[in-house]
Amino acid sequence: MPERQIMNQEDVRRALTRVAHEILEHNRGAEELVIVGIHTRGVHIARRIAANLAEFEDIEVPVATLDVSLYRDDNRVRSQSQTKLQPTDIPMGIQGMRVVLVDDVLYTGRTIRAAMDALVDFGRPQQIQLAILLDRGHRELPIRADYVGQNLPTAFNERVKVRLMETDGADEVALILEDLDVEEESPEESNKEQEA
Amino acid sequence: MSLSRTIETPEISGALEPEPAPRKHVLDLDDFSREEITEVLESARGMKEVLGRDIKKVPALRGKVVVTLFYEASTRTRISFEEAGKVLSADVINMSASGSSAEKGESLLNTGLTIQAMGVDTIVIRHPHSGASHLLAKHLDRVSIINAGDGLHAHPTQALLDLYTVQDKLGDLGGLKVVIVGDVLHSRVARSDIWGFAKMGAKVVLSGPATLMPPDLMRSSGSIARSPFASLVEVDTDLDRAIEGADVVMALRLQQERQNAGFLPSIREYIRRWQVTDARLERARLGAMVMHPGPMNEGIEISNSIAHGGSSVIEDQVTNGVAVRMALLYQLTIGAGLES
């Protein structure tokens, strides 16, 4: 399948640098801030943003992890391994905190909806903000990101693949063109695909 | 008893082909690969986190219906399935044989078909006859079946929670020595545990009166010698010897009626030779853990001080049982969406 690179390693690094600066600017520092990464790649991006914050302002912002599977409304799986849960770990709690949710790709918005439902089970945050590496459009819910690494208008028959050093051995965002004749995917399904 | 046949099935390494289809039923551990067991245990870890929250409720199985169909008495298994389902927001309906149309002579199959016709998603069944859950799985095509104990055959969810409990405390299961003590012959728990621990690479030693050991495991030239378990399962009727260096000691419940049936000379002799005691546990590895599937006969197969002592993980087993059953209910229900 033809694949086109959208962001290379440097692009990813610059985008996350800017996102970290925007978070600091928007929140006037990092008081009461907690960064929550959505499994799998959102967790790694969250850690990188936290590392950037530590570097720029010498502050340690707690990072939590969230598996939203139990809150999804599109729970359909293609294989056994997709029923596996990953650890949700919110050691510091989120009561009264400013939460920055982090994920790799923003698409239909359903993952973020599920993540917000999950978060409020842990307390009442003062605010929930959203940081995303790539926004590919096609929202199905009224959700938008506060911090965006890159906007990329896409077609339904395109898939976005985010690769990160931690999980895939390289930092890269690629666009994959699916053959429409072979497989017609609904946005929901390809959303699932990205997360696999 | 189907033990010899089951144990010969050479599916021990179980490296399944890429991307196996979602599982529909949980009938025994013999068709679980090591990878699949590992996945269940990992998911159970996520479920345990849910159980530790202030608000123990997630919407995962909203609108799904789970029926627990119990033809035998049970406290922990039934309640833990009920709690597991409810924490996941499924509707759980409990049915027991007494007070149901089973008392009017309805067959198991017809009861199953009736429940299926009501649009239930999952049936959790316990039955005194081995193979009862297989029967339902074979004839009902729209529900998932979970075996919560069938006769002398299998109790897979108990074995999975045992694996989880050991892994939680000791880490990797490979290379551990697990001693199962007591009435292995009549124990479905032991049978599923043997499958589970052996698949995960632990060494299983069975100990107890020779009359209560599965006969095919007693024969050195028997089927076990040819089976893939040959190097992983052994029998040693001398508990003092068997327990040497053990990482895990599991006592099984001794049903007192076994004495009347001639399996035991006397309960007192059993206590003297096979009770898990402090003195015996000293021979095991330092920090060895003691397990029991419950319900316990304290003072018979396990001493009071061991049952409630520092090495006992019996209560952890119960807690972990809820998490493991949540993982299975979730997996089966979500996986079932694929087929429709």
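## Helix α7 of chain B

In this predicted model, helix α7 of chain B, which covers residues 188–199, has 12 residues and reaches 17 Å from its first C-alpha to its last, close to the 16 Å expected at 1.5 Å a residue. The helix is mostly covered, with 12 of its 12 residues buried. After α7(B) comes G201(B), whose phi is positive, near 90 degrees.

## The β-α-β unit

Helix α7(B) sits in a right-handed β-α-β unit that it makes together with β5(B) and β6(B). The two strands of this unit, β5(B) at residues 177–181 and β6(B), pair in the parallel sense, and 5 bridges are found between them. Within this pairing, V178(B) stands opposite V204(B) of β6(B).

## Strand β6 and its other partner

Strand β6(B), formed by residues 203–207, is mostly covered, since 4 of its 5 residues are buried. Besides its pairing with β5(B), β6(B) is joined by 3 bridges to β7(B), residues 233–235, and these two strands run parallel.

Conventions: Residues numbered from 1 in each chain as written. Chains lettered and ligands numbered in written order. Predicted model: local features only at pLDDT ≥ 70, side-chain atom pairs only at ≥ 80, totals over all residues. Buried ≥ 20, exposed ≤ 12 C-beta atoms within 10 Å, placed from the backbone. Pairing = 2+ DSSP bridges. Right-handed = clockwise from strand over helix to strand, strands pointing away. Expected span 1.5 Å × (residues − 1).
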